[in-house]
Amino acid sequence: MQAEAIVPLDAAERIRAAAALIFDVDGTLAETEELHRRAFNHAFARHGLDWQWDRILYRDLLRVTGGKERIRAFHAGQSTAPALSDVEIAELHRIKTAHYAELIETGCCPLRPGVAELLASAKARGQRLALATTTSHGNIDALLSRALGPAWPADFATIVAGDDVRHKKPAPDVYLEVLARLRLAPSDCVAIEDSANGLVAASRADIPVLITRSLYFRDDDFSTALMVLDDLSELAEPKDTKQPHAQ
Ligand code: XBP
Ligand code: MG
């Protein structure tokens with residue numbers, strides 16, 4: 001008897017069939033990194049530091065996930081910089097976070113194309129939604145309250161942020177914690193990410209990954225992803241083109 005050919009499910013079908021969709025936040029739900037960059041620069045100026053992170057430098061610095069960790073890594077590379085204690089780094093990051101919320105509040109950072117539609121269609125299909133991110137609960141709330149309204153948390157089964165776990169991405173911790181809370185196997189889920197660090201984090205937790213390319217990580221290596229899209233609007237169901245019958 002001939003073995004039946006195993007036809008791999010089309011990636012879009014995998015997304016529709018998943019028990020849960022686990023979303024990254026920065027770069028995936030919205031193009032937030034420019035606001036993070038501006039907020040870091042604001043904090044440096046307020047603190048009397050003459051540091052300016054331009055886009056080219058920030059692209060490199062984004063390899064270090066987490067705002068406090070990014071400041072510490074940059075500081076370590078400055079041979080002439082005065083010592084900066086953990087308390088000062090925490091204070092810098094506090095100023096940065098407050099300014100980031102002010103920038104978000106101006107309404108200049110909408111959800112990326114296709115995000116609201118995918119959240120709505122997943123909800124309509126009865127799929128569970130989760131967030132697995134490096135940033136903080138406060139930053140997620142600032143972004144999603146503005147974009148989806150104050151009741152947004154009701155749509156998410158669980159939210160795991162960077163400081164909830166021991167190791168930030170590219171470690172798998174946020175994803176492993178989401179799986180534990182959802183009580184699901186990795187193969188029942190799809191992670192939606194925008195960066196190589198995110199792809200590595202989800203892959204280390206054995207979760208298949210859909211990539212939506214973003215501003216800063218456009219050229220990362222995504223060769224191990226299930227699918228790579230320019231944005232999530234490419235997942236939209238084809239519209240019914242049938243014309244209504246004339247009465
Ligand atoms: C996002 C990040 C975050 C933000 C800043 O990574 O690395 O550090 O840039 O956030 P990912 P905080 O999208 O892979 O989760 O300053 O709040 O840490
Ligand atoms: Mg991201």
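The residues lining the largest pocket of this predicted model divide into four nonpolar, 14 polar and 12 charged. About 350 Å³ of space lies in the pocket. Of the 30 residues that form the lining, Asp26, Gly66, Arg70, Thr134 and Thr135 are the closest to the pocket centre. The largest share, four residues, is given by α4.

Ligand 1 sits in this largest pocket. The elements that give two or more residues to the shell around the ligand are α2 (33–46), α4 (67–76) and α5 (86–105). In total, 18 residues surround ligand 1, and the closest are Gly67, Arg70, His93, Lys96 and Thr135. By class, this shell consists of one nonpolar, 11 polar and six charged residues.

Oxygen atoms of ligand 1 take part in polar contacts with both side chains and backbone. In the side chain of Asp24, an N or O atom is 2.9 Å from an oxygen atom of the ligand. For Asn139, the distance from a polar side-chain atom to a ligand oxygen is 3.2 Å. At Gly66, a polar backbone atom is 3.0 Å from an oxygen atom of ligand 1. Taken alone, the ligand exposes 450 Å², and the protein buries 96% of that area.

Definitions and conventions: Residues are numbered from 1 along each chain as its sequence is written. Chains are lettered from A and ligands numbered from 1 in the order in which they are written. This is a predicted model: local features need pLDDT of at least 70, side-chain atom pairs count only at pLDDT 80 or more; totals for chains, interfaces and linings use all residues. Side-chain values use heavy atoms; hydrogens and water are left out. A residue is near a molecule or strand if one of its heavy atoms lies within 4 Å of it. A polar contact is a pair of N or O atoms within 3.5 Å; within protein, one must be able to donate a hydrogen and the other to accept it, and residues adjacent in sequence count only if both atoms are side-chain atoms. Accessible areas come from the Shrake-Rupley method with a 1.4 Å probe; for residues, only the protein chains shown count as cover. On a 1 Å grid over the protein atoms alone, a cavity is a set of points where a 1.4 Å probe fits but cannot get out, and a pocket is an open set with protein on both sides within 12 Å along at least five of seven lines; lining residues have an atom within 4 Å of a point. A molecule sits in a cavity or pocket if more than half of its atoms lie within 2 Å of its grid points. Ala, Val, Leu, Ile, Met, Phe, Trp, Tyr, Cys and Pro count as nonpolar, Asp, Glu, Lys and Arg as charged, and the others, Gly among them, as polar. Grid points are joined across faces, edges and corners, and a volume is the space filled by probe spheres set on the points.
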